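Here are some exercises on how parts of a protein model touch each other. Try each task yourself, then check the steps.

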Amino acid sequence: MKVALFVPCFIDAFYPGVGIATLELLERLGLDVDYPEEQTCCGQPMANSGAQKEAAGAEAVFVSNFAGYDYVVGPSASCINHVRSHLTAIEQTASVRHVRAAAYDLTEFLHDVLDVREFPWAEFPHRVGLHNSCSALRHLRQATASEIDEPPFSKPRALLEGVKGIEFVAPSRPDECCGFGGTFSVTEEAVSVRMGQDRVRDHLAAGAEYIVSGDMSCLMHQQGCADRMKLNARFIHIAQILNGARA
Amino acid sequence: MSKRVDHAKAAGNFLAKPDHVSFHDRRLWDLRLKRDAQARGLPEWETLRDLASGIKEHTLSHLAQYVEQFVDAAEGNGVVVHFAADAREHNEIVFSLLSERGMTTLVKSKSMLTDECAMRAHLEPRGIVVMETDLGERIQQLDNQDPSHMVVPAVHKLRSDVAELFGRTIGTDPANSDIHYLAESQRMDTRPHFLRDKTAGMTGCNFAVAETGTVVVCTNEGNADLSANIPPLHIASIGIEKLIPRLSDLGVFIRMLSRSGLGSPITQYTSHFRSPRPGTEMHFILVDNGRSERLAMEDFWPSLKCIRCGACMNTCPVYRRSGGLSYGSTYSGPIGAIINPTFDLQRFSALPFASTLNGSCTSVCPVRINIHEQIYKWREVISARHETPFVKAEVLKMAGRLLASPTLYRATIASLGGALKRLPNFLLYNPLNIWGRQRDLPDAPVQTFRDWYRENRKQPR
C-alpha cells in the first residue's frame with residue numbers, strides 16, 4: 001500500500017514532534033511512508049469560516065499532493081474530517097473523491113486499517129485524561145459520545161490501552177468541548193477561553209498529569225489557557241505516546 | 001439596515017459575572033445529565049427520535065393538507081380560526097379580538113411565538129395589560145428582557161437577582177431569596193388577574209393535531225389551564241409547523257419533549273384544548289411569519305421540525321457560557337443560530353459563528369434536526385453574501401492565498417520567529433493578538449517538520 005503522511009500546517013510549524021512521532025510510528029509498524037513536500041493545508045481554516053472561495057486554492061494543493069496514494073494519514077481528526085466531509089470548494093473530480101475517501105486520521109488508521117492494538121515499545125507511567133476532539137468524537141465517530149445511548153467504545157482508548165503503565169482518569173464531563181473551534185478561538189475569545197479553562201480544570205480535578213488527544217489544536221488552546229493560569233498541566237499527542245514517548 | 005447582533009461582545013459581558021456563568025453552566029449541564037438518564041431509561045429512545053423526525057418530515061411535506069384538515073376539524077368543534085401571514089397580522093388579530101369585546105387584560109401562558117411576534121410591545125401601548133403567568137416568563141417580562149431559554153426563560157438569573165427584581169416590581173422583600181417565597185409571591189401577584197372582568201386568556205401550542213383540531217399545551221405550572229379555562233375568551237397562537245397528523249402520533253412527542261428538555265418523564269400538565277366551554281369563545285391563530293419561506297429553503301427547512309424542547313441549548317457548551325440573551329432574539333442557542341438567520345440574515349449573521357461545531361446539539365435533538373450541519377451551511381451562505389466582517393474577510397483572503405501556494409507558505413514559516421508572529425495571524429485571524437489576551441502561545445520549535453524531514457529522511461538512513 002502507498003501511504004502518504006499529511007502534516008497539518010500548524011503541526012508543521014509549531015509541533016514538528018507530533019509529525020515526527022507519527023512518521024516514526026508508521027515506520028515502526030512496517031510502512032514505507034512518503035511525505036509530499038509541496039503540501040500546505042487542508043483548507044479548513046477558511047472553509048470553517050464559510051469562505052469557500054478562499055479555501056479552494058488550499059484544497060486544490062492538498063489534492064494534487066495526495067492524489068497518487070492509497071492512504072493519506074494525518075495526526076488530526078479535525079483536518080481529516082474537513083477533507084472527508086467538507087472538502088467541497090473545488091470541483092469533485094475523480095482525484096478529489098479519491099483523496100477524500102483515502103484520508104484517515106492516525107487513530108482510525110491504526111485502529112481500523114492496520115488493526116494494531118499492541119505497542120510493545122511504548123510505556124507511559126502516568127495518569128492521563130483523554131480529550132477526544134469533537135471532530136474525532138461526533139464527526140469521525142472514533143468513540144461514543146456521552147449523550148448517545150449505545151454500547152460504549154473508544155478507538156483512541158483502545159490504542160492507548162496497549163501502552164504499558166498508562167492509567168486513565170475520568171473527568172466529570174467526559175467529552176465536553178474545549179472551545180478551540182478554529183477561528184472561534186479568536187472571534188469568540190471570551191467564551192473560548194472560559195471553555196478551555198473549564199476543560200483543563202476538570203481533567204486536573206480528576207487527577208490527570210497529562211491531557212492526551214489526537215488533536216493538537218485542542219491541546220494548543222488548552223495549554224495556552226493552562227499556562228496562563230499557571231496550572232501544572234502537561235499535554236501530549238496520542239502519536240507521541242504510542243511512539244514510545246516517556247514524558 | 002438592521003443592526004448586527006454582536007454575540008461575542010454580549011457573551012463577554014455575561015462571562016464577566018463569574019457566579020452567574022458558573023451557576024448557568026452547572027444548572028443546564030445538570031438538565032443535560034437528567035436528559036441522558038431519561039433517554040437511557042427508554043431502550044426505544046433512538047427509535048422514538050426516528051419516528052418523531054419522520055412524522056414531522058411527513059407533516060411538513062404535506063403541510064397544506066394538514067392545515068386544512070386541522071382548520072376543518074377545529075371549526076367543526078366551534079373554534080374560530082384565523083390566519084396570520086406575519087407577526088404584525090398576528091398582533092392585530094389579537095388586538096381586534098380583545099378590543100371588539102372590550103377586554104383590557106390578557107393573561108397568558110408561555111409562548112415563544114408571541115415573543116417572536118413581539119406581541120406585548122404591540123398590545124401594551126394600545127391599552128392592553130399583558131400578564132405573563134409562567135414564572136420564568138413573568139420574571140423576564142418584569143425585567144423587560146427576552147426569554148434567555150425556551151423552557152426556563154430566566155435561567156441566566158440567580159435567585160438573588162429575582163429577589164431584587166421582585167422587590168423592585170411586585171413589592172416582595174428584596175433580601176429574601178427563598179425560592180418558595182419568590183414563586184409563591186409571583187403566584188399571589190398574578191393569579192387574581194385570572195378572575196377579573198374584561199380579561200381574556202391566551203396560550204401557545206406545543207402540538208396541533210390535524211385529525212381532531214386539538215391544541216395541546218404542555219406546562220409544569222398549570223398556568224396555561226388557568227389562562228384557558230377561566231376567562232370567557234381563549235386565544236391560542238399556533239405556528240403552522242406545530243401540526244402533527246393524528247392523536248396517535250402525539251405520544252411519540254409527549255414521551256420525548258420533557259425528557260429532552262428538563263429530564264423529567266413528562267410535564268406536570270398536558271392539556272388538550274378542543275372546543276370552547278358553553279358560553280365562551282375559543283380562537284386559534286395560525287401563524288406563518290416566515291415559516292413557508294423557510295420550508296422552501298433546501299438546506300434549512302428541517303429546522304421547522306423543532307418542538308422547542310431546549311435540549312440543544314442545555315448541551316451546548318457555548319450557550320451555557322454565553323447566556324441566551326447574547327443571541328439577541330427569542331430563539332437562542334444552537335436552534336437560534338439556525339432559525340434567526342431565516343428572519344434576518346444580516347442582523348443574525350454572527351450567530352452561526354457562535355459555535356464550535358461540536359455537534360452535541362444534533363445528537364440530543366429529539367426530532368433529529370441536523371443542527372451543526374446547518375450552522376456550517378449558514379457560514380457558507382453568510383460568506384457568499386459578503387456578510388463576513390471586513391477584517392475577518394480580508395484575513396481569510398490572505399490566508400487563502402498563502403495556503404494555496406506552497407512557496408508562499410514555506411516562505412512565511414521559514415523563519416520560526418516570524419512564524420510565531422505571522423502564522424497565527426493568518427490561521428487564527430489574530431490581527432490584535434486576541435489569542436494572547438488570556439492564553440499563551442506555543443513555544444517556538446527549533447525547526448519545522450519539513451526541515452526535520454529533509455535532514456532525517458532525505459539521506460539514506
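**Domains, helices and chains**

**Exercise 1.** Find how many residues of domain 1 of chain A are in contact with domain 2 of chain A.

*Solution.* Step 1: 26 residues of domain 1 of chain A are in contact with 22 residues of domain 2 of chain A (contact: C-beta atoms, placed from the backbone, within 7 Å). Before going on, note that this is a predicted model, where local features need pLDDT of at least 70, side-chain atom pairs count only at pLDDT 80 or more, and totals for chains, interfaces and linings use all residues. Residues are numbered from 1 along each chain as its sequence is written, and chains are lettered from A and ligands numbered from 1 in the order in which they are written.

Step 2: Domain 1 of chain A spans 3-113 and domain 2 spans 127-242, with bounds from an automatic or database domain assignment. Their C-alpha centres are 22 Å apart.

**Exercise 2.** Work out how helix H11 and helix H12 of chain A are oriented to each other.

*Solution.* Step 1: The axes of H11 (residues 189-205) and H12 (residues 216-228) of chain A come within 9 Å and cross at roughly 80 degrees. Helices are DSSP runs (H or I, at least four residues), numbered from the N terminus; axes are lines fitted to C-alpha atoms over the stretch in contact, with angles from 0 to 180 degrees between N-to-C directions.

Step 2: So H11(A) and H12(A) are roughly perpendicular (65 to 115 degrees).

Step 3: Among the touching residues, A:Val193 and A:Gly196 belong to H11(A), and A:His221 and A:Cys225 to H12(A).

**Exercise 3.** Count the residues that each chain gives to the contact between chain A and chain B.

*Solution.* Chain B gives 61 residues and chain A gives 56. On the chain B side, helix H19 (residues 390-403) supplies the largest share, 7 residues.

Methods
Contact = placed C-beta atoms within 7 Å. Helix = DSSP H or I, 4+ residues; strand = E, 2+ residues; numbered from the N terminus. Parallel < 35°, antiparallel > 145°, perpendicular 65-115°, else oblique.
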